[in-house]
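Here are some notes to read alongside the model. Each point can be checked by eye in the viewer.

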Amino acid sequence: MATTAQRPKLPAQQLAILAVARFAEPLAMTSVYPYLPEMIASFGVPQKDVAKWAGATSSVFSLTQSLTAVPWGRASDRFGRKPAIITGLFCTMVLFIAWGMSTSLAMAIVVRGIQGACNGNVGIIRTMVAEMVQDRELQPKAFSIMPLVWSVGSVFGPAFGGLFAKPAEQFPDLFGNSHFFTKFPFALPNFLGGIVFLVSLSTAALFLKETLQSKQHSRDWGLILGQRITEAFKEHPLRRQQKLRRYSLQDAEASAPLLHPDGTTPKAAAGHDARIEKPMAPSMSAVFTRQTVISLVAYTFLALHSVAFDQVLPVFLNYPELEHTPENTFPPLYFSGGFGLTSGRIGTIFTLYGIVSGAIQFVLFPPLCARFGVLNCFRACALTFPFVYLLLPFTVLIADVRLRYAALMAAMVTKAFCVIIGFPCSTILLTNSAASLSILGTLNGFATAFSGLGRASGPALTGVAFSWGVKHNMIGIPWWILCAIAAVGALPVWMIVEGEGPSAGNGQLSDAEDTEDALEFEEEDEDAGALPGGPGASHGGNDCGRQGSVHKASEETRSTGYGTI
């Protein structure tokens, strides 16, 4: 029984709330992929230059995000993870809607750039997961949740992005007479994405608990309101009425106890805690150790070529088909043509791609990591990427249509497998390379910054390469550039040494361990009190004191929200 009680558990409730808060961003990001080439073309850009400007539009988001990632990480270290996430969600929601109403290439690029600068949630959410789950056995599961959310978002995002783009043309009975959707043909998917952002924003504000240690005991009015809403649906009406008479947001301070169990006043205790727990900015030498630098380099290369693939693939699928003849086709270098697909069909392909990614994430990732180890899985993925990029452009040379699409899906599924396994593994290795939890916010800020540079340079490079390849009858050139980048990016993976994790040597127990200790103490007291002539029978004052200590420990653990009972 004791062994079962001591087994660590995932903070499932808070991870689920964080996943809901995360869901809107991948959905919004992937929803633009099916219609981005058509949107760029609608601004008057020639077909041969669409890839270049589509890459630039995608790159500017990642570039500005990388420039502001470290300030966002430091802000989350100072003001808390939750305020930073809520601010990022709100700004992204407003700018995402504005981007759907872009009327020129310049407007689309500027709005996209501001949108990236206002959102540093990628690194902050990763930091929250690391602070919630410090047990190494649970890290593969915990760190696979957010990529799984991305996979689920990538199922719905391209589907409604491709389905609802140009609604006046696709649904003339409903929107054919709408002047608004005729003027702004790509606004509807963004409005739908804005609704999802609103749900994520509300969920984070009302139910997400702060993980930064120095801010965990600060009053959170959003959380209080969320608790009141939850109680309103769970409790009996008479009991709820009595509780509302006793408590309210206005008199919460007045109803607080004058003294803590240790005899100190709440304000004195708060001031004491603030003096003890005031965060200090980590030094750069503490952040940039040899292993963190190697992990950051590997993560940057992974972000560069994987995001560049996702951006250039819709352009490749949208590019018109070409009849291959001996006059225009000279394999293995000189050939051209795409698949000639519309945004709706591209959305369908990306939906299937997302479903497969989600299945891989949910079913295969945890057992693979448990069997072969995080580092070995990452190395295997790093070696597979170059072969996928090398072979993918040759799919256009397959004459049989079914076989051509089967080869395309095989390449996409293989790439999805490597990305879904590689990103969580890279995140775990980066987290475990940190010496202390106090530097995680800053470290993940730098990870977002460096990977943002990769996500910015990759699409821009492949966009320019695609346009050049079209002009010179070398449609495979962007894929072969990605092959070379992935091959170089595989080298630092073999220099990574898996660390012990930031929880090692920090002298702090996880919240789950704190809860279990409190429960064991409570069980011991109950057992002792049940014995005839035991301490519970002869020392009533001592027993009350113990119960007060247990109650205090339980309350402190419950306030963090990560203990499991």
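**Notes on the predicted model**

1. Helix α5 (residues 81-100) packs with helix α6 (residues 105-117) at an angle of about 170°, and their axes are 9 Å apart. Angles over 145 degrees count as roughly antiparallel, so α5 and α6 are roughly antiparallel to each other. On the α5 side the contact is made by T92, L95, F96, A98 and W99; on the α6 side it is made by M107, A108, V111, R112, I114 and Q115. Sorted by class, this contact of α5 with α6 has eight nonpolar, two polar and one charged residues.

2. The chain as a whole has 25 helices and zero strands. Of its 565 residues, 50% count as buried. Take the contacts between residues at least 6 apart in sequence: 80% of them join residues at least 24 apart.

3. Helix α20 (residues 401-432) can be checked for length. At 1.5 Å a residue, its 32 residues should span 46 Å, and its end C-alpha atoms are 47 Å apart, which agrees. At the start of α20, the backbone nitrogen of R402 has a side-chain oxygen of D400 within 3.2 Å.

4. T427 also belongs to helix α20. Is T427 buried or exposed? The cut-off for buried is under 20% relative accessible area; T427 has 8%, so T427 is buried. Leaving aside residues up to four places away in sequence, T427 touches R126, F143 and Y299.

5. The same length check can be made on helix α19 (residues 374-391). Its 18 residues, at 1.5 Å each, should span 26 Å; the end C-alpha atoms of α19 are 27 Å apart, which agrees. Which residues of α19 are buried? They are V374, L375, C377, F378, R379, C381, A382, F385, P386, V388 and Y389. When reading such a list, recall that an α-helix has 3.6 residues a turn, so residues three or four places apart point the same way.

6. A484 sits in helix α22 (residues 477-489). In sequence, A484 and F385 are 99 residues apart, while in space they are 9.9 Å apart, C-alpha to C-alpha. A484 has a relative accessible area of 43% and is therefore partly exposed, given that this class runs between the 20% and 50% cut-offs.

7. Some backbone values deserve a second look. Most residues other than glycine have a negative phi, and most peptide bonds are trans. The peptide bond from P331 to P332 is cis, with omega near 10°. P332 lies in the loop between α17 (290-318) and α18 (343-372).

8. K166 is not a glycine, yet K166 has a positive phi of about 50°. Where is K166? K166 is in the loop between α8 (139-164) and α9 (167-170). With a relative accessible area of 23%, K166 is partly exposed. N473 is not a glycine either, and N473 has a positive phi of about 60°. The place of N473 is the loop between α21 (440-471) and α22.

Conventions:
Residues numbered from 1 in each chain as written. Predicted model: local features only at pLDDT ≥ 70, side-chain atom pairs only at ≥ 80, totals over all residues. Heavy atoms only, no water. Axes fitted to C-alpha atoms, helices over the stretch in contact; angles between N-to-C directions. Helix = DSSP H or I, 4+ residues; strand = E, 2+ residues; numbered from the N terminus. Parallel < 35°, antiparallel > 145°, perpendicular 65-115°, else oblique. Contact = heavy atoms within 4.5 Å. Nonpolar A, V, L, I, M, F, W, Y, C, P; charged D, E, K, R; others polar. Buried < 20%, exposed > 50% of the residue type's maximum accessible area, 1.4 Å probe, protein only. Expected span 1.5 Å × (residues − 1). Polar contact = N/O pair within 3.5 Å; in protein donor to acceptor, adjacent residues only side chain to side chain.
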